[in-house]
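Visitor: I am new to this structure. Please show me how to read it, feature by feature.

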Amino acid sequence: MESGDNQQKTYTILELNSEIEQILEGSFPGLIWVRGEITGFDKQKGSKNIFFQLQEKNPDKDQIISKISASIFNSDIKKILQKFSQISDTELRDGLEIRALCRIDVYPPWGEYKVVIKDIDPEFTLGKLAQTRATIIKDLKKRGLLDKNKQLVLSVVPQSIGLITQKDSEGYTDFISELKKSRLYFKIRFYNASVQGEKVEIEVCEALDYFNQQRNTDAVVIVRGGGSKTDLSWFDNKKIAEKIAFLQIPVITGIGHKTDFTITDMVAFSYQQTPSTAATFFVERINDFLDKIDALSVEVVHNSQNLTKLELQNLIETKKQINRESTLFLERDKEELKENRKNLLFYYKEFFKNIRETIKQYSLRIDSSDPINIIRLGFSVSKVSGKTIKSIKEVKTGQNMVTAVSDGEIKSIIN
Amino acid sequence: MNEKQISYNEAYEELQSILEDIKERNVDVDKLAAKVKRARELINLCEERIKKAEMEIEEIVKSSPDKPKD
């Protein structure tokens with residue numbers, strides 16, 4: 001076996017690599033389209049020739065299943081990057097999925113092969129970005145996270161603000177100077193975080209966590225300024241969106257421009273177009289409150305003035321009633337008194353009239369029993385020795401008898 | 001009772017109840033004059049209180065800061 005092996009063709013390394021080169025380049029004679037996710041690109045930016053990788057991930061597990069080296073030659077860099085950013089509004093960077101026109105290139109001294117990119121299709125990346133974005137939005141919506149932060153209650157006077165942005169960036173300056181212009185008092189707590197590049201996710205999430213733990217701000221604002229309109233896709237980020245959704249503090253964003261609307265904007269309590277308008281949002285809210293207070297104070301004054309007027313009217317009315325009623329009271333009493341007196345007089349007369357009648361009756365009755373009246377009728381009363389004679393047995397012959405008649409006495413002797 | 005301690009509402013309620021008593025003839029004639037006198041006192045007290053409140057409100061309105069710019 002060993003001798004047989006010796007007679008078989010034995011390649012030197014270079015021979016082998018050179019043959020592989022021929023086979024590969026023979027199999028892929030022209031340019032081919034390859035799609036994959038860029039990685040290791042960002043650190044190469046600005047180099048003469050750019051060397052990086054394209055990779056493929058298992059879509060479900062976010063796990064790399066295959067990788068290939070890639071490069072763009074110095075002569076092509078400018079043209080490719082310009083075209084890409086112009087059409088896709090995004091700069092070429094790690095994490096982007098691209099569709100690239102390339103040539104298979106083998107480098108025999110190292111035994112390596114790679115793809116040399118000659119052109120990139122920006123439309124593909126745009127589609128992918130939109131697709132990713134749509135997937136994230138759909139997921140957030142399904143989990144009810146799109147409106148979660150909006151359901152929080154923002155203070156009517158949000159003076160304490162947690163500011164998340166890049167220190168000394170245009171966004172930072174714009175936001176602060178707009179607040180200063182208002183001459184209102186604000187307390188700003190600043191947390192430095194990248195608003196561009198791959199650190200956006202981790203740093204913005206850290207900042208959000210920080211403010212959520214501190215609980216010393218009325219609102220958190222994420223701003224990102226500057227002229228560059230590109231790379232807003234850093235804010236089409238699922239983790240940032242989830243963080244905002246579960247935050248206990250209302251989040252206000254000012255990270256885009258007039259036409260841009262990121263997922264971060266979507267889940268925020270309030271979305272403002274720029275850092276300046278984000279600042280205006282706070283200023284207006286406080287001014288609204290101050291206006292309301294002023295209107296209320298005017299209303300309070302009006303109402304209290306009306307109240308005193310009303311009370312005074314009530315009092316005057318009561319005063320009149322007291323006067324009227326107390327006079328009426330006495331009038332009525334006087335009237336009653338008069339009535340009583342009249343009654344009294346009547347009864348008094350009746351009383352005497354009755355008495356007189358009764359007396360008359362008595363006198364009549366008394367008259368009838370007076371003996372003088374009987375004598376006048378012809379009856380007489382005889383007395384012997386002063387004693388009235390009622391029977392013949394009471395007298396004896398020879399006795400002197402006095403008989404009283406109406407106009408005198410008759411003296412006689414009994415025989 | 002010290003009149004300073006009586007509140008406007010208390011005074012006004014007493015006033016109303018005096019008025020009610022007079023209307024209902026729920027008063028002894030001997031005490032009517034005293035009741036009316038008391039009512040007068042209460043009316044004066046209430047008037048004073050209202051005037052005082054009015055003046056205070058006016059003071060506050062005068063001393064409040066300028067209206068915010070439009």
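**Cores, strands and a contact**

Guide: This is a predicted model. Start with its largest nonpolar core, which has 41 residues. Those with the most contacts inside this core are A:I164, A:V204, A:V220, A:V221, A:I244, A:V251 and A:I252.

Visitor: Which elements give two or more residues to this core?

Guide: Both helices and strands of chain A do. The strands are β6 (160-165), β8 (219-223) and β9 (251-254). The helices are α5 (170-182), α6 (199-214), α7 (238-246), α8 (263-267) and α9 (275-368).

Visitor: How should I think about such a core?

Guide: In soluble globular proteins, nonpolar side chains tend to be buried together. Take A:I164 as the case here. Leaving aside residues up to four places away in sequence, A:I164 touches A:Y191, A:A193, A:V204, A:A207, A:V220, A:V221 and A:I222. There is also a second, separate core of 18 residues, with A:L96, A:I98, A:A100 and A:V115 among them.

Visitor: What share of the 415 residues in chain A is buried?

Guide: Buried residues make up 22%.

Visitor: How many helices and strands does chain A have?

Guide: Chain A has ten helices and 14 strands.

Visitor: How do strands pair?

Guide: Strands of a sheet pair through backbone hydrogen bonds, either parallel or antiparallel. Chain A shows both senses. β2 (residues 50-58) and β3 (residues 63-72) pair in the antiparallel sense over nine bridges. There, A:K57 stands opposite A:I64. β3(A) and β5 (residues 112-120) of chain A pair in the parallel sense over three bridges. In that pair, A:A70 has A:V115 as its bridge partner.

Visitor: What lies between β2(A) and β3(A)?

Guide: Four residues lie between them, and the two strands form a hairpin. In the turn, A:D62 has a positive phi of about 55 degrees.

Visitor: In what order do the four strands of the open sheet stand?

Guide: The order is β12-β11-β13-β14 in chain A, with antiparallel pairing. β12 (387-388) and β14 (408-413) of chain A each have a single partner strand, so one side of each is left without a neighbour in the sheet. Strand β13 (residues 400-405) of chain A pairs with β14(A) over six bridges. A:V405 has its bridge partner, A:G408, in β14(A).

Visitor: How many residues does each chain bring to the contact between chain A and chain B?

Guide: Chain A brings 19 residues and chain B brings 20 residues. On the side of chain A that touches chain B, six are nonpolar, seven polar and six charged.

How values were computed: Residues are numbered from 1 along each chain as its sequence is written. Chains are lettered from A and ligands numbered from 1 in the order in which they are written. This is a predicted model: local features need pLDDT of at least 70, side-chain atom pairs count only at pLDDT 80 or more; totals for chains, interfaces and linings use all residues. Two strands pair if DSSP finds at least two bridges between them. Two residues are in contact if their C-beta atoms, placed from the backbone, lie within 7 Å. Ala, Val, Leu, Ile, Met, Phe, Trp, Tyr, Cys and Pro count as nonpolar, Asp, Glu, Lys and Arg as charged, and the others, Gly among them, as polar. A nonpolar core is a set of buried Ala, Val, Leu, Ile, Met, Phe, Trp, Tyr and Cys residues joined through C-beta atoms within 7 Å. A residue is buried if 20 or more other C-beta atoms lie within 10 Å of its own, exposed if 12 or fewer, and partly exposed in between; C-beta atoms are placed from the backbone.
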